[in-house]
Amino acid sequence: MFTFYDQTTLEDLGDGVKRRILAHDGKMMAVEVSFEAGAVGPMHNHPHEQLTYVLSGEFDFTIGDETHRVRAGDTLYKEPHIMHGCVCISAGKLLDTFTPVREDFLDK
């Protein structure tokens with residue numbers, strides 16, 4: 001499967017956050033998320049495993065009861081059902097990989 005960036009859609013989630021769904025099948029999904037400085041990814045959880053790779057910017061990320069500042073090149077793992085969220089310190093992008101696919105993202 002090939003997914004070409006210029007053929008994907010950038011979805012404005014509001015409050016300085018935008019999401020672009022990239023390649024996916026029933027088992028795995030890649031999603032690019034852009035944040036303006038000061039934007040918040042509210043604390044939440046879901047039944048999916050998630051890897052987040054910081055492409056650019058700087059974020060204060062909370063996973064469970066730990067909070068750390070992360071920058072480009074850092075990677076975070078979130079196990080299913082763990083509470084997590086972030087605050088964007090300087091504008092940036094994240095690459096999220098989920099397994100299985102986030103059907104809730106595709107239903108919109």
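Predicted model: local features only at pLDDT ≥ 70, side-chain atom pairs only at ≥ 80, totals over all residues.
Residues are numbered from 1 along each chain as its sequence is written, and side-chain values use heavy atoms, without hydrogens or water. Local features need pLDDT of at least 70 and side-chain atom pairs count only at pLDDT 80 or more, while totals for chains, interfaces and linings use all residues.

**Aromatic rings**

The structure has 4 aromatic pairs. Rings of Phe, Tyr and Trp (its six-membered ring) pair if their centres lie within 6.5 Å; planes under 30 degrees apart are stacked, over 60 edge-to-face, and the rest tilted. Select Phe59 and Phe61: this pair is tilted, at 6.2 Å centre to centre and 50° between the planes. Both Phe59 and Phe61 are buried (under 20% relative accessible area; exposed is over 50%, partly exposed in between, with a 1.4 Å probe and protein chains only).

Next, select Phe98 and Phe105. Their ring centres are 5.7 Å apart and their planes stand at 90°, so this pair is edge-to-face. Phe98 and Phe105 are both buried. Keep Phe98 and show Arg102, which lies over the face of the Phe98 ring at 5.2 Å from the ring centre. A charge sits over a ring if NZ of Lys or CZ of Arg is within 6 Å of the ring centre and within 35 degrees of the ring normal.

**Thr8**

Stay with Arg20 and select Thr8; a polar contact of 2.9 Å joins their side chains (a pair of N or O atoms within 3.5 Å; within protein, one must be able to donate a hydrogen and the other to accept it, and residues adjacent in sequence count only if both atoms are side-chain atoms). Thr8 is buried, with a relative accessible area of 15%. Leaving out residues up to four places away in sequence, Thr8 touches Thr3, Arg20, Ile21 and Leu22 (heavy atoms within 4.5 Å).

**The largest pocket**

Finally, select Leu13, Phe35, Gly41, Pro42 and His44, which lie nearest the centre of the largest pocket among its 27 lining residues. Strand E8 (84-99) is one of the strands that each supply at least two lining residues (strands are DSSP runs of at least two residues, numbered from the N terminus). E8 gives the most to this lining, with 6 residues.

Conventions: 1 Å grid on protein atoms, 1.4 Å probe; cavity = no way out; pocket = protein on both sides within 12 Å on 5 of 7 lines; lining within 4 Å. Helix = DSSP H or I, 4+ residues; strand = E, 2+ residues; numbered from the N terminus.
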